[in-house]
Structures are given as structure tokens and as C-alpha cells.
Amino acid sequence: MSPTGTNDSGNNAPGASAQTNAISRRHVLQIFGIAGVGVAGIGSAAACSPSKPNASEGDGKSGNKEFHGAYPYQLPPKGHFNLIAGVTDGIQASNSPYFDLVYPSAGMYYWADKKWEWMMAESGTLDEAGKTYTLKLRSGLKWSDDKPVTAKDVVSTFNLRWLLRQQEWTFLSDISAKDDTTVVFTIGTPSTVLERYILRAGILPDSMYGEWATKAETMRKAKTSLDSAEGKQLNGDFQKFRPENAPVSGPFNFDVKSMTNAQMSLVKNDKGLFADKIGFTKVVLYNGETSDISPVVLNKDVDYATHGFAVATEKTLLGSGFRILRPPVYSGPSLVFNYTAHPELADAKVRQAIAYVLDRNENGTVALGDSGKPCKFMAGFSDILVPDWVSDADQKKLQAYEKDEAKATSLLTEAGWKKTGGKWMLPNGKPAAYDIKFPTEFADWNPAATNAADQLNKFGFNITKRGITFTQLNPDVLAGKFDIAIQGWGASSHPHPYFAFVQDLYTFNYVIAANSGGKGMNFPLKQTTSAGPIDLKDVVDKSAQGLNVDEQKKNITAAAMAFNELLPIIPLWERYGNNPALEGTRVAKFPADDDPILKNAPYADNFVIMGMYSGKVAPV
């Protein structure tokens, strides 16, 4: 799978008024890390084939202490340095773990402890009425051009995020700088997920973006619609903005001159955040997807990678001295259906039957070995998180869809399908024939799709495998150019289930596909289940609203029960990382397998990056 994990984007966040109840506000804040909860750690401690580096290039025994990682990037001129989330083709994706070393955010999150580690900020406080969130920046922060980091940089960043329709503006109504280090966010719709949006946004320099931010702020305060001609024009113009040599606030900066199609370097910025705590002087990133990166890792030129490696590759790595770290990714691959092209799939009994046909344990093992685990709950979000949100009694109502061909046969027969000569025929008499599209380059999704097709064909379907390049898969699905496709379910961006349901029900559905002119899978979100009618969009939107956790649990449970029965998409398995970690060459050690930080999603609050900041991941 892509090292970026699941596509967690979405333009439709909840937006209704919030209520509070008698539940302890302190308890709410502790659950979601609000109001300055932190732990002692980081901040409290004051295109050629790659060759093996020699000692002077960072073996850890010389003055040049290198860390070698891997992550896809786009080489200029297509790749560029307008790196705010929402602008396409940035040289490094804003969700790359290594982005946090260049443009740090206000904080990073410990998923197991449910606590924030303060980074660019020293505190964040939600007022008692839930009307404002006040962010206090650390004093003395500097950009690499020696200018101070101020509240104005934060305000500019979030005005541009408004222009780019980032989710936090569903909840916010304004932002202002109270003084040089204090930013006040005015909240229109309280939500427990808002703080995450605020604290995990990389802060960008007003010196570079200020002109655009001022235009966006003027438009926002005038209540000009982003769908207006003026809004579309400003967005379109900003998408073309190509800054050069932008100052950074992190401990590393791009070494543009040394960048090739094979690798890029991040060099130490001594003025950057916690630069004195980080022992590495350079970060080398190798470019590419799993097929490109596997030989580089096998050659021990990479210390750590987040790609989904093939089972055979993992075995070789284990035999050659690598540790394999298995953090939960809180997501995985799923079967996504085109309901417009194949209305027979709209019958939930058909999708339930498909789920019963598939041995998902076999599928996960074939695709990712010990890191592909079948879902127990099939609730639409991670099994790890289900007990936090769904009661024991309701958990018992969730169907696990363990392999049962007799039940699958019964369900298809009820749906009007018939089996003739060992092959299933639709109610209209046509064969049950479908293409399944999958990304050829993903070393886990490719075999997952192949195995699923083989299992369905053995049962009597006629599935044709269509491997395509990974860059084409998303556009095809959004445009409805598919029968069945492999796409992500769940979300690795945030531990709140709302984000998983956005991925499951919005991202490749008409809700978001409409932004690119398509309908995606076109699954109607107004449905009827055994519990009665349900508007899934309304329920999902409400699942993140307000500070009332009990009310959120009711909506999350309703969404989980409906997902489990309807199976609008079919999760194949939940992915755990099979991250190779090489100790003793350039890096002394990585976190122990039982370290709670390994509960962090590797694509959201990466534990290696946090370890570098704290000095716990250090050079030999």
C-alpha cells in the first residue's frame, strides 16, 4: 500500500449547534487532550540507483549523522514548495511524517495516553463556555531567515486554510492575534475534533504567504462564498503560487540543489524547533512507492520506512537484521462498488453474501502476513477503537461475517440470483461479471485484490483483475469508471471514528466526488436498516459535534450498526504497519515493541519523528 496510508481527506464536516450535559467537562477535555494537557517529553527537555553510503556520508561514526527514510515526493518542476494542505503537487505531501521536521505544528498527539506533546505552542485552552480556543506559541521561535515566529504566521496559515476549504472552518467563525504569541480561535460550532485540526496544522511563514492570506481574510470577513466567481478565482490563483526558498521553522530544511528523482536531503536548520535536541544532521529520503523502495531497504540504505512491504520482502528483512515495527494504521483495504453501473449490488443481501464468501484472514495473510488482521467488528472503524465508543451489548450485535458459503448462497438466492453450471447469474439473467481495479504498485493491495477475485471466482462469480497505476485509481473511482475497486476504509489521521466514517461514506462517494465532477460509488446515504430509516450523513456529521461524549457515542453506535448491516463497502482487513527498522548502522535504536507510542498511527503522529524530537531516536 501507499506509504501515505488511507486517503483521509474530506470536505463535509459536521456543522450544527452543540449541547453539553452533566458529564464532567474535565473528563471530556482529558479524553480529547484539550486545554493544555501534555506530558513530559519533547518540549519539557529544555534517479539513479542508490549506493551504500560510506562513513563520511553518515554511518554514525563521523560528524555527519544521517537518518535515512523513504517517502514519495515530486521532483520540480511539477513538484513545488507551496506546501499548505489543499494545494496539489507539493514537493512533499503535508501528511508526510517528514513534513513535521520542516514545518512543525503546534503539537503532536500520544494516541495511547490521549495527551498532547506541545511543539510550536506551549499551551492551548478551551474557554469554559466553549466559545474560544486560545493558542499560546513558545517564545523565541525563529524562522530560518532569522525572523521571529509570531501569531501573525498562525493567523495567515489558517486564513489560507479557509480558502482551501479545510475542515476546521466548519467549526470556526474567526481567528485573530491577541499579541505576538497568542492566537484566539472563535468557535461557531463546538466540537471535540476541532483541537486536532488546530494543533496538527503545519504553521507557514506570513513573510511568504501574507499577501495571499490577507486576500483570503478580506474575502472571509466579507462572507464571500468560495463557490463564487471571486472565491474560485482566488483559489485557482493561489494554487498556482510557487514560492522559492521559503523560510522554515523546523530543525531541517530542504536541500534543493542536491535533489534528484532518486533521493532528496533535509539538512539541519540550527535555528529550528528543538534543533539542539536532535542528534541527526541530515535526513535522506528515498523516493518512490513500495516496488521502488524495497530494493533500497533490502540494501540497508534505509533505516525506517512506512510502506506496505510484500510478505517475502518482510521475511528477507527479518533474516538480515531488521526489526519489523507493527503500529496499528487504523485502516485498511476494502472493496468499493459502483452502484450506478451495477444496481444489483444495491441489495444489501448481495454485499453481505460477498462478505461471507471471503476468507478475510487468508486475504490479509496473503497480502501482508502478520500485519493484515481481519476485522472482528466490521463497524467501519478500527477494532482497537470500537470499545471506546460502542457498548459491550451493542458490540455483540455486530456481525463478524466469518466465511460461510452456505449463508452466502442463501442470501444471493433471496436476492433473486441463480447458480447455473457453477456460475452465478443476476436476476436479469446476465452473468455476475465484474472487473476489479487495484493499484499495481501497492505490494499489499495488489495481492489482496488478486486473492479476493480468486475467492469470488471459485464461488461462481466472474471477476476480471485490472491492475492499474496507483495514480490513476483514485481519479477512476471518483469518476465512476470502475465496477469494483480496492480503496481504503477507516482513517489513520485521527482516533475519533468520525474521520473513519468520512473515509468510508464520503471520500469516494458523491459527497466528495462531486467536487471533481463525478459520483464515485454513488451509494445513497439515506437508507433503511432493520432498525428503521437512517440518514447516514446526518448521523456521521453529528458524531463529531459538541462536547457531549455520550451523544457522540449514540451517533457513532448508530453509524457502526448501520455500516455493519449495510456494508456499503467491505473492509478486507485492518492494516498494521510492517515498518522495517534498522538499528546499529545509523540509528542507535527505535522504540521497543511494547512502548505505548507504537499505538500512534504512523501517518498521523509518527512515533519515529516524535522520537527524533525528544532525542530518544538518536544516531549511533
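The following legends describe close-up views of a predicted model. Local features require pLDDT of at least 70 and side-chain atom pairs count only at pLDDT 80 or more, whereas totals for chains, interfaces and linings use all residues. Residues are numbered from 1 along each chain as its sequence is written, and side-chain values use heavy atoms, with hydrogens and water left out.

**View A. Domain division of the chain.** The chain comprises domain 1 (103-239), domain 2 (252-327 + 577-619) and domain 3 (329-575); these bounds come from an automatic or database domain assignment. Between the C-alpha centres of domain 1 and domain 3 the distance is 35 Å.

**View B. Interface of domain 1 and domain 3.** Contact (heavy atoms within 4.5 Å) joins 11 residues of domain 1 to 14 residues of domain 3. The two domains bury about 1,100 Å² between them, with 68% of it on carbon and sulfur atoms; buried area is the accessible area (1.4 Å probe) that two parts lose on being put together, summed over both. On the domain 1 side, Trp111, Thr192 and Val193 lose the most area to domain 3, together 48% of what that side buries.

**View C. Salt bridge across the interface of domain 1 and domain 3.** The rule (a side-chain nitrogen of Lys or Arg within 4 Å of a carboxyl oxygen of Asp or Glu) finds one salt bridge across this interface. Lysine 114 and aspartate 388 form a salt bridge, their closest N and O atoms being 4.0 Å apart.

**View D. Surroundings of phenylalanine 381.** Phe381 and Phe461 touch the most other members of the largest nonpolar core, which has 183 residues. Such a core is a set of buried (under 20% relative accessible area, 1.4 Å probe, protein chains only) Ala, Val, Leu, Ile, Met, Phe, Trp, Tyr and Cys residues joined through side-chain atoms within 4.5 Å. Leaving aside residues up to four places away in sequence, phenylalanine 381 touches residues including Trp389, Trp489, Phe501 and Ile556.

Definitions and conventions. Buried < 20%, exposed > 50% of the residue type's maximum accessible area, 1.4 Å probe, protein only.
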